[in-house]
Amino acid sequence: MMDPTQQKALNALESFILLSSSASSPRAAADLVKQATSAPNTYVFAELLQTKNIAALKTGHPEYASSYTLLEIFAWGTWADYSSTPNLPSLSDAQAHKLRQLSLLSLSASPTALTYTHLLTALSLSSTRALENLVISTIYAGLLVAKLDTRSQRVDVSSISPLRDLRPAKVPELISTLDTWNGRCVSVLDDLEHHIKEVRQKALERRKREQRDEAAVEKLLGQALKDKGKAGEKRMAQDPVGGREAVMGEGIDGMDLDEKAGPGRPRGAKRGGGAFKNAAKRMMG
């Protein structure tokens with residue numbers, strides 16, 4: 001999604017792009033450059049540079065070639081570029097103010113600290129008040145987000161709008177930078193993919209070990225129960241009477257105890273105990 005300030009600037013430039021088709025004479029094209037660089041909200045100029053009649057100023061008309069150079073400075077240059085380039089058209093107050101605003105954007109993108117001293121020199125301003133007014137107007141125009149630190153005499157910039165065009169000579173450098181960045185991203189992704197595969201493989205191996213351990217435990221439990229059953233059968237075979245008594249004793253001991261004492265039977269007596277005693281008496285009688 002395009003930045004709103006950038007979209008607004010492109011919309012403001014659109015009328016000048018349309019007018020360029022009718023600016024067939026060099027003077028008309030040069031006048032159009034002055035109008036575009038003076039108009040409010042026009043902060044991008046690359047599209048205007050590419051139009052036929054404006055581009056013709058660069059090589060076809062030496063007298064007006066300086067207007068094309070001036071438009072290039074507004075597109076991607078700074079106040080320092082304007083000051084160091086001879087034979088350029090003089091600037092109106094509106095043009096000078098706009099070029100300083102655009103220069104402030106470029107300076108904000110550099111790693112150099114934006115001290116008042118540095119900005120006063122770079123923008124050829126004569127006073128601190130003039131600098132602060134410029135910064136405030138740039139903020140209100142939506143070109144950057146910043147705060148004035150009057151105590152420390154510096155400008156703290158949080159963000160800038162993407163309004164500066166790229167110098168043609170910078171394109172190969174930008175492509176190289178992007179290629180380097182892309183290579184690093186690919187390398188990082190490859191490393192991440194390799195790490196993910198290792199983690200998944202270790203998780204799979206751990207799960208297999210857990211399954212083997214669970215199977216071994218179940219096998220041991222089953223074997224223990226089987227051995228216990230065989231031992232009981234062997235004891236019965238060796239001592240049938242003792243075995244039966246053990247079984248009978250286990251049956252009697254396993255009976256539930258009465259919860260309440262009844263007539264002739266104390267609390268806690270085993271149910272069914274009287275039946276066994278009566279049967280024993282009859283056998284003895």
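Predicted model: local features only at pLDDT ≥ 70, side-chain atom pairs only at ≥ 80, totals over all residues.
Me: What is the overall make-up of the protein?
Reply: There are 12 helices and two strands. Along the sequence the pattern reads α-α-α-α-α-α-α-α-α-β-β-α-α-α. Of the 285 residues, 28% are buried.

Me: Why is Asp149 called buried?
Reply: Its relative accessibility is 18%. Buried means under 20%. Asp149 therefore counts as buried.

Me: What makes the contact of Asp149 with Arg154 a salt bridge?
Reply: The closest N and O atoms of Asp149 and Arg154 are 3.6 Å apart. The cut-off is within 4 Å, between a side-chain nitrogen of Lys or Arg and a carboxyl oxygen of Asp or Glu. The pair Asp149 and Arg154 therefore qualifies as a salt bridge.

Me: Which other residue does Arg154 meet in a salt bridge?
Reply: Asp156. The N to O distance for Asp156 and Arg154 is 2.7 Å.

Me: Are Arg154 and Asp156 buried, partly exposed or exposed?
Reply: Arg154 has a relative accessible area of 35%. Asp156 stands at 29%. Buried needs under 20% and exposed needs over 50%, with partly exposed in between. So Arg154 is partly exposed, and so is Asp156.

Me: How many salt bridges does the structure hold?
Reply: Four. Among them is the one between Lys197 and Glu193.

Me: How do you know that Lys197 forms a salt bridge with Glu193?
Reply: The closest N and O atoms of Lys197 and Glu193 are 4.0 Å apart. The limit is within 4 Å. The pair is counted as a salt bridge. Both residues lie in helix α10, four residues apart, about one turn of the helix.

Me: Why is Lys197 called exposed, and what is Glu193 called?
Reply: Lys197 has 53% relative accessibility. Exposed means over 50%, so Lys197 counts as exposed. Glu193 has 44%. That value falls in between the two cut-offs, so Glu193 counts as partly exposed.

Me: What makes up the positive surface patch?
Reply: Arg206, Lys208, Arg209 and Arg212 form the patch. Lys and Arg count as positive. Arg206 lies in helix α10, residues 171–238.

Me: Which residues form the nonpolar patch on the surface?
Reply: Leu166, Val171, Leu174, Ile175, Leu178 and Trp181. Together they have about 560 Å² of accessible area. Leu178 lies in helix α10. Its relative accessible area is 45%, and the patch cut-off is over 30%. Leu178 therefore clears the cut-off, and it is called partly exposed.

Me: What puts the buried residues of α4 on the same side?
Reply: In helix α4, residues 52–59, Asn53, Ile54 and Leu57 are buried. They cover an arc of only 105 degrees around the axis, so they sit on the same side of α4. The face turned away from the buried side carries the exposed residues Lys52 and Thr59.

Me: Where is Asn41, and what is its phi?
Reply: Asn41 is in the loop between α2 (26–38) and α3 (46–49). Its phi is near 75 degrees, a positive value in a residue other than glycine.

Me: Why is Asn41 called partly exposed?
Reply: Asn41 has a relative accessible area of 31%.

Me: Why is Asn87 called exposed?
Reply: Asn87 has a relative accessible area of 71%. Exposed means over 50%. Asn87 therefore counts as exposed. It is placed in the loop between α6 (79–84) and α7 (93–108).

Me: What is the phi of Asn87, and what separates its C-alpha atom from that of Ser66?
Reply: Asn87 has a positive phi of about 65 degrees, although it is not a glycine. The C-alpha atoms of Asn87 and Ser66 are separated by 6.9 Å. Along the chain the two residues are 21 residues apart.

Notes: Residues numbered from 1 in each chain as written. Heavy atoms only, no water. Patch = residues over 30% accessible without salt bridge, like charges linked within 9 Å, V, L, I, M, F, W, Y side chains within 5 Å. Areas by Shrake-Rupley, 256 points an atom, 1.4 Å probe, with all protein chains shown as cover. Charge placed at Lys NZ, Arg CZ, Asp CG, Glu CD. Buried < 20%, exposed > 50% of the residue type's maximum accessible area, 1.4 Å probe, protein only. Arc of directions from axis to C-beta.
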